[in-house]
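Hi everyone, thanks for coming. I'd like to walk you through a structure today, starting with a pair of helices and then moving on to a sheet and a few backbone details. Have a look at the picture first.

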Amino acid sequence: MDYLPIFCKLENRACLLVGGGEVAERKARLLLEAGAKITVNAKAFNEQFKCWFTQKQLELVSGEFNPTLLQGKWLVIAATDNDEINQKISEEAEQRHLFCNVVDSPKSASFIMPSIIDRSPIIVAVSSAGRAPVLARLLREKLEAILPYHLGQLANYAGYLRKKVKATYKTITERRRFWEKLFAHDRLAQSLANNDSEQVDRLTQLLFDEPVADRGEVVLVGAGPGDPGLLTLKGLQQIQQADIIVYDRLVSDGVMNLTRRDAERVFVGKRAGFHCVPQEQINQMLLEQAKKGKRVVRLKGGDPFIFGRGGEELETLYNARIPFSVVPGITAASGCSAYSGIPLTHRDYAYSVRLVTSHLKDGSNLDWQSLAADKQTLVFYMGLSQAENIQKQLILHGMEVNTPAAIIEEGTTTKQNVISGSLRELSDMALHARSPSIIIIGPVVALRQKLNWFSYD
């Protein structure tokens, strides 16, 4: 190793920071967060340093660097814009056996500042030994996305429970299983974040009351419309904690590549008119796996509560008293419209938006009169096979035949294709479209000519 990674306890310990500009300010923030007693030396200080001084959070020493300032210090940071001064500070610190960080000059430093992910008391540090700081920052950003925001509160709570867990479970295996379940308990973490002590106590007691091996649960996760970058942070966390992932055809390969590598995958793909696995069988599969103690993620394209039958699956779990939770996703209407340059609402064109499923046994069940009203946007899910009937009914109930319309194929992905036209052309447009697609009808579709940012036809 080029450097030994260590974590320094600096609370109430004297540290010297030389420099009064923006770079020094960033270092000062880290030292303040660590509880250090900071002396800052510079010829001039920016407004933030003056503010901290007024608030008595640090001491300011104006003027040239003087080696006597190193006396009694635990560590030093040289953050001036003068390389010669920084080098002098490093040499003086070395003579006194003090660790010194020199900004932008790792070769002159006895310690370096890593990229930090702070979930106190959980701290993760990433370093490239000064060779590739941008890469270290990118890695930190990836870790930030993986680690739950409330992880620190969960860690503190675990410390509070340690004695009880040790007294309750006699074997290491049982304790490990309990901690795995607790740390993966999203609702408990959220309750801790909300300071909901009553809910925290209830959920904790449930963890202790049930046999460790039987604590399965199901998380319903919306995978978004296709682009893996649109998967939510919480959704990413859930699919990387799953024992088994039950997914459908609308979940993109990019999203599946983000799942936990050793998780079991079960494909239950379906499309309009064809069901690889019947819905009732999917319901029972989720139930059976949860009863085995598995952490099951039901991964659905778009949002599971927007024409995704998520409610039906959760009813089965509720009736069987299986714990469940839901992570919403960006629905196809929102994602595909945004990636097509079609705003769903606009003050000049549409006052409301209607999400409609065309996959009905009898299309006449729809309220076509209200759907044909002015100043709104219609989004039809699973509408390709019903395009001719949609066109016919909307025109029959008064919608102008020249109303702009669009069919968006494989929206938000690199394969996205948008077929634009008018209501009178909708049935012909559908003949040349492929599934999965959504149909958008309304005056806002015309704005695509100006707002199309994702692809240019």
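Before the helices, one definition: an axis here is a line fitted to C-alpha atoms, for helices over the stretch in contact, and angles run from 0 to 180 degrees between N-to-C directions. Please also keep in mind that this is a predicted model.

So, how do H7 and H8 cross? Helix H7 covers residues 186-193 and helix H8 covers residues 197-209; their axes come within 9 Å and cross at roughly 155 degrees. Angles over 145 count as roughly antiparallel, and H7 and H8 are therefore roughly antiparallel to each other. The crossing of H7 past H8 is left-handed. On the H7 side, the contact is made by Arg187, Leu188, Ser191 and Leu192, while H8 brings Gln199, Val200, Leu203, Thr204 and Leu207. Sorted by class, that contact has five nonpolar residues, three polar and one charged.

Let's stay in this region for a moment. The loop between H7 and H8 holds asparagine 195. Its phi is near 55 degrees, a positive value in a residue other than glycine. Most residues other than glycine have a negative phi. Is asparagine 195 buried or exposed? It is exposed, with a relative accessible area of 67%.

Now compare threonine 412, in the loop between strand S17 (404-409) and strand S18 (417-422). Phi of threonine 412 is near 75 degrees, again positive in a residue other than glycine. Threonine 412, however, counts as buried, at 3% relative accessibility.

Next, the cis peptide bonds. One runs from serine 120 to proline 121, with omega near 10 degrees, and proline 121 sits in the loop between strands S6 (115-119) and S7 (122-126). Another runs from serine 435 to proline 436, with omega near 5 degrees. Proline 436 is in the loop between helix H16 (426-431) and strand S19 (437-441).

Finally, the sheet. Five strands form an open sheet with parallel pairing, in the order S3-S2-S1-S4-S5. Its edge strands are S3 (59-62) and S5 (99-102), each pairing on one side only. From one strand to the next, the twist averages 20 degrees. Strand S4 (residues 75-78) pairs with S5 over four bridges, in the parallel sense, and isoleucine 77 stands opposite asparagine 101 in S5. Helix H2 (residues 47-54) lies across S1 (14-18), S2 (37-42) and S3, running at about 125 degrees to S3.

That's my tour, and I'm happy to go back to any part of it.

Definitions and conventions: Residues numbered from 1 in each chain as written. Predicted model: local features only at pLDDT ≥ 70, side-chain atom pairs only at ≥ 80, totals over all residues. Heavy atoms only, no water. Helix = DSSP H or I, 4+ residues; strand = E, 2+ residues; numbered from the N terminus. Parallel < 35°, antiparallel > 145°, perpendicular 65-115°, else oblique. Left-handed = near helix turned anticlockwise from the far one by under 90°. Contact = heavy atoms within 4.5 Å. Nonpolar A, V, L, I, M, F, W, Y, C, P; charged D, E, K, R; others polar. Buried < 20%, exposed > 50% of the residue type's maximum accessible area, 1.4 Å probe, protein only. Pairing = 2+ DSSP bridges.
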